[in-house]
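I'd like to walk you through a couple of helices today, so let me put the model up.

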Amino acid sequence: MANVPPHQDFKHKVHAKAYKTAERNGLVWVYMGDQTNVPDLPPIEATLIPEGEMTIEFIQRECNWLQGLEGDLDTSHLGILHYGGIKQAFGEGESNRHALDNRQPEYVTAETETGYMYAAHRPTEKEGETYWWLAHYLFPFWALPPITPIEKNFLLRGYIPMDDTHSMVLIMIYKNAYPWDRSKVNQRAQGAHNNYEFLPNTTDWYGRWRVPPNARNDYLIDRDIQRTESFTGIDGVTMQDQAVTESMEPIVDRTFEHLAPSDIAINRTRRRIVAAARAFAKDGTAPPSARDASLFAGVRSGQFYTMGKADWIQAARDHIEANPLNLEDAQAAE
Ligand SMILES: [Fe+2]
């Protein structure tokens, strides 16, 4: 306070707001709750693996964080938005091919202590066999997509709110998660075209992790590719996700919605979040996983098969218990 006399100086009484932070494997975590009672970091599997074994990407999205997250909560969009127009993008023995053989799965859902889980299921060509894509929403803004078989599906996507109409998307993928040779399959469908350049950083709040394709240039849509192999004509899985979640406008008016059965996870997750927010507003009650980080242990999404009539939750649990995250193996993989 250079412009007040010493007896009027109150600089020692005014403090900047600060939050406790912690770093692990390349990510900085911020705890914005009660600073005198900070819980442990959640042991989400993808965040336990050394950063050298993970691909970690950020990309800025120009829409509300929940709108972006909801794009991940209907996994059937992969067969339409990302693989649309491609008759068979995948090789023999690659589990993802079922998502193209049958683009109309049905769903089962369940509430969890950490958020919400659901599974898309389809019959395969084998008599009595079912193919499952099990996915989780985790409080507060995480999605665990079932991109690879459940044995090593150590993936994580975060939709971190910057403000109401911008979010920072965090995409983490275990480098060794894919059991198939990714070089032999359709590169466009597999998202290999995600090698976009980022725009130069600027010093303002929105000045990082921005990409050239955006709503102002129609996401650099290619009409020839759209006619032949991609419903969108937009290059790269992430750009396709950006285009559909941003172009509905930054916060879409939900009163005009007609949710379909394939939107069940979106619908139920919204209810879960609203109920959690109301409980917190009423008397400060947070979801169980906000106080007890250990509830995140062993929570995993992924693809698997069952035969006959099977309990999907138990089947997933059996796969995860038989294939626990082994950090020594993860390190040796490189
Ligand atoms: Fe997507």
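This is a predicted model: local features need pLDDT of at least 70, side-chain atom pairs count only at pLDDT 80 or more; totals for chains, interfaces and linings use all residues.

Numbering runs from 1 along each chain as its sequence is written.

Let's start with H7, residues 264-283. Helices here are DSSP runs of H or I, at least four residues, and strands are E, at least two, numbered from the N terminus. H7 has 20 residues and spans 29 Å from first to last C-alpha, close to the expected 28 Å; that expectation is 1.5 Å times one less than the number of residues.

Which residues of H7 are buried? Ala265, Ile266 and Thr269. Buried means 20 or more other C-beta atoms within 10 Å of the residue's own, exposed means 12 or fewer, partly exposed is in between, and C-betas are placed from the backbone. Down the H7 axis, the buried residues fall within an arc of 95° (taken from the directions from axis to C-beta atoms), so they line one face. They pack against H2, S4, S5 and S6, with contact meaning C-betas within 7 Å. The face turned away carries exposed residues, including Arg271, Val274 and Arg278. Just after H7, Gly284 has a positive phi of about 80°.

Now H6, residues 237-247: nine of its 11 residues are buried, so it's largely enclosed by the rest of the structure. Among them are Met239, Asp241 and Glu246. The cover includes S3, H2 and H3. After H6 comes Glu249, with a positive phi near 100°.

Key: Two residues are in contact if their C-beta atoms, placed from the backbone, lie within 7 Å.
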